[in-house]
Amino acid sequence: MASNPYFNQPLTPARPRMFNSTLAKVVWTLVPIVTLGLAAAVPFVVAAVKGVVKPWLAVGYVVGEIVIIGVAMAISPSPDDSNPFAGFLLVLLIITAATHTALLDNEKIAIGK
(Lines give C-alpha, C1' and ligand atoms only; values in the text may rest on other atoms or scores of the structure.)
Protein backbone atom coordinates (compact mmCIF):
# COMPACT_ATOMS: atom_id res chain seq x y z
CA MET A 1 0.00 0.00 0.00
CA ALA A 2 1.43 3.39 -0.98
CA SER A 3 1.61 6.02 1.69
CA ASN A 4 -0.06 9.32 1.13
CA PRO A 5 2.08 12.38 2.08
CA TYR A 6 -1.03 14.27 3.19
CA PHE A 7 -1.79 11.69 5.86
CA ASN A 8 1.76 11.75 7.23
CA GLN A 9 2.08 15.53 7.62
CA PRO A 10 2.14 16.86 11.19
CA LEU A 11 -0.83 18.93 12.25
CA THR A 12 -0.37 22.67 12.40
CA PRO A 13 -0.31 23.72 16.04
CA ALA A 14 -3.35 25.72 17.06
CA ARG A 15 -2.84 29.31 18.12
CA PRO A 16 -3.20 29.71 21.89
CA ARG A 17 -6.58 31.00 23.04
CA MET A 18 -7.14 33.82 25.50
CA PHE A 19 -10.61 32.77 26.60
CA ASN A 20 -11.69 29.24 27.56
CA SER A 21 -15.39 30.15 27.76
CA THR A 22 -17.85 32.92 27.08
CA LEU A 23 -17.89 33.76 30.80
CA ALA A 24 -14.10 34.23 30.74
CA LYS A 25 -14.44 36.54 27.74
CA VAL A 26 -17.06 38.64 29.53
CA VAL A 27 -15.00 38.86 32.72
CA TRP A 28 -11.80 39.83 30.87
CA THR A 29 -13.72 42.41 28.81
CA LEU A 30 -15.09 43.95 32.01
CA VAL A 31 -11.61 44.45 33.52
CA PRO A 32 -10.89 47.80 31.78
CA ILE A 33 -14.46 48.97 32.47
CA VAL A 34 -14.66 48.04 36.17
CA THR A 35 -11.20 49.43 36.94
CA LEU A 36 -12.04 52.68 35.09
CA GLY A 37 -9.11 52.18 32.76
CA LEU A 38 -6.46 51.71 35.46
CA ALA A 39 -6.02 48.06 34.45
CA ALA A 40 -6.66 48.52 30.73
CA ALA A 41 -3.37 46.84 29.80
CA VAL A 42 -3.75 43.81 32.10
CA PRO A 43 -5.64 41.61 29.58
CA PHE A 44 -2.94 42.30 26.98
CA VAL A 45 -0.10 41.46 29.37
CA VAL A 46 -1.87 38.18 30.23
CA ALA A 47 -2.44 37.50 26.51
CA ALA A 48 1.27 38.10 25.81
CA VAL A 49 2.27 35.70 28.59
CA LYS A 50 -0.14 33.07 27.18
CA GLY A 51 1.32 33.58 23.70
CA VAL A 52 -1.92 34.88 22.21
CA VAL A 53 -0.37 38.20 21.12
CA LYS A 54 3.19 39.38 20.61
CA PRO A 55 4.88 41.11 23.57
CA TRP A 56 5.21 44.42 21.70
CA LEU A 57 1.42 44.77 21.72
CA ALA A 58 1.27 44.41 25.50
CA VAL A 59 4.15 46.88 25.92
CA GLY A 60 2.34 49.31 23.63
CA TYR A 61 -0.80 49.05 25.73
CA VAL A 62 1.13 49.60 28.98
CA VAL A 63 2.88 52.67 27.55
CA GLY A 64 -0.35 53.97 26.01
CA GLU A 65 -2.23 53.57 29.27
CA ILE A 66 0.48 55.41 31.22
CA VAL A 67 0.57 58.23 28.66
CA ILE A 68 -3.21 58.66 28.50
CA ILE A 69 -3.69 58.61 32.27
CA GLY A 70 -0.69 60.93 32.70
CA VAL A 71 -2.06 63.41 30.16
CA ALA A 72 -5.51 63.26 31.76
CA MET A 73 -3.99 63.96 35.17
CA ALA A 74 -1.87 66.82 33.79
CA ILE A 75 -4.86 68.43 32.06
CA SER A 76 -7.14 68.21 35.07
CA PRO A 77 -5.01 68.16 38.25
CA SER A 78 -7.63 69.63 40.58
CA PRO A 79 -11.00 68.09 41.45
CA ASP A 80 -12.89 71.35 40.79
CA ASP A 81 -11.65 71.61 37.19
CA SER A 82 -14.53 71.47 34.72
CA ASN A 83 -12.53 70.61 31.59
CA PRO A 84 -14.26 67.59 29.96
CA PHE A 85 -11.25 66.59 27.83
CA ALA A 86 -9.57 64.55 30.59
CA GLY A 87 -12.73 62.53 31.16
CA PHE A 88 -13.12 62.05 27.41
CA LEU A 89 -9.57 60.62 27.21
CA LEU A 90 -10.29 58.15 30.00
CA VAL A 91 -13.60 57.08 28.47
CA LEU A 92 -11.85 56.60 25.13
CA LEU A 93 -9.18 54.46 26.84
CA ILE A 94 -11.83 52.33 28.56
CA ILE A 95 -13.88 51.78 25.39
CA THR A 96 -10.81 51.01 23.26
CA ALA A 97 -9.31 48.58 25.77
CA ALA A 98 -12.62 46.76 26.34
CA THR A 99 -13.23 46.44 22.60
CA HIS A 100 -9.72 45.17 21.88
CA THR A 101 -9.92 42.73 24.80
CA ALA A 102 -13.13 41.27 23.39
CA LEU A 103 -11.39 40.82 20.02
CA LEU A 104 -8.30 38.98 21.34
CA ASP A 105 -9.46 35.57 20.07
CA ASN A 106 -10.91 36.82 16.79
CA GLU A 107 -9.39 34.87 13.89
CA LYS A 108 -9.95 37.70 11.38
CA ILE A 109 -7.58 40.05 13.21
CA ALA A 110 -3.90 39.33 12.59
CA ILE A 111 -2.22 42.48 13.95
CA GLY A 112 0.05 41.61 16.86
CA LYS A 113 -0.62 37.89 16.69
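Buried here means under 20% relative accessible area. The legends below go with close-ups of a predicted model.

**Close-up 1. Phe-44 and Tyr-61, a stacked pair of rings.** A search through the whole structure turns up two aromatic pairs. In this one, Phe-44 and Tyr-61 are stacked, with 3.9 Å from centre to centre and 10° between the planes. Phe-44 sits in helix H3 (residues 42-50) and Tyr-61 in helix H4 (residues 55-75), so the pair ties together parts that are 17 residues apart in sequence. Both Phe-44 and Tyr-61 are buried.

**Close-up 2. Phe-85 and Phe-88, a tilted pair of rings.** Here the ring centres of Phe-85 and Phe-88 are 6.3 Å apart and the planes stand at 35°, so this pair counts as tilted. The cut-off matters for that label: planes under 30 degrees apart would count as stacked. Phe-85 and Phe-88 are three residues apart in helix H5, which means about one helical turn separates them. What is the relative accessible area of Phe-85? Phe-85 comes out at 41%, so it is partly exposed. Phe-88 is partly exposed too, with a relative accessible area of 48%.

**Close-up 3. Helix H3 against helix H4.** Two packed helices are described by the angle between their axes and the distance between the axes. For H3 and H4, the axes come within 8 Å and cross at roughly 165°. That angle makes H3 roughly antiparallel to H4, because anything over 145 degrees counts that way. The crossing of H3 and H4 is left-handed. On the H3 side, the contact is made by Phe-44, Val-45 and Ala-48, and on the H4 side by Pro-55, Ala-58, Tyr-61 and Val-62.

**Close-up 4. Helix H2 against helix H5.** Helix H2 (residues 22-34) packs on helix H5 (residues 85-102) at an angle of about 165°, with the two axes 8 Å apart. H2 is therefore roughly antiparallel to H5. Left-handed or right-handed? The crossing of H2 and H5 is right-handed. H2 brings Lys-25, Trp-28, Thr-29, Pro-32 and Ile-33 to the contact, while H5 brings Ile-94, Ala-97, Ala-98, Thr-101 and Ala-102. Sorted by type, the residues of the contact of H2 with H5 come to seven nonpolar, two polar and one charged.

**Close-up 5. Thr-29 and its contacts.** This view picks out a residue in helix H2, Thr-29. Its relative accessibility is 17%, so Thr-29 counts as buried. Which residues is Thr-29 in contact with, leaving aside its neighbours within four places in sequence? They are Ala-98, Thr-101 and Ala-102. Those residues belong to the H5 side of the contact shown in the previous close-up.

**Close-up 6. Leu-36 and its positive phi.** Most residues other than glycine have a negative phi. Leu-36 is not a glycine, yet its phi is positive, at about 55°. Where is the place of Leu-36? Look in the loop between H2 and H3. Leu-36 has a relative accessible area of 61%, so it is exposed.

Technical notes. Residues numbered from 1 in each chain as written. Predicted model: local features only at pLDDT ≥ 70, side-chain atom pairs only at ≥ 80, totals over all residues. Heavy atoms only, no water. Axes fitted to C-alpha atoms, helices over the stretch in contact; angles between N-to-C directions. Helix = DSSP H or I, 4+ residues; strand = E, 2+ residues; numbered from the N terminus. Parallel < 35°, antiparallel > 145°, perpendicular 65-115°, else oblique. Left-handed = near helix turned anticlockwise from the far one by under 90°. Contact = heavy atoms within 4.5 Å. Nonpolar A, V, L, I, M, F, W, Y, C, P; charged D, E, K, R; others polar. Phe/Tyr/Trp six-rings, centres within 6.5 Å; stacked < 30°, edge-to-face > 60°. Buried < 20%, exposed > 50% of the residue type's maximum accessible area, 1.4 Å probe, protein only.
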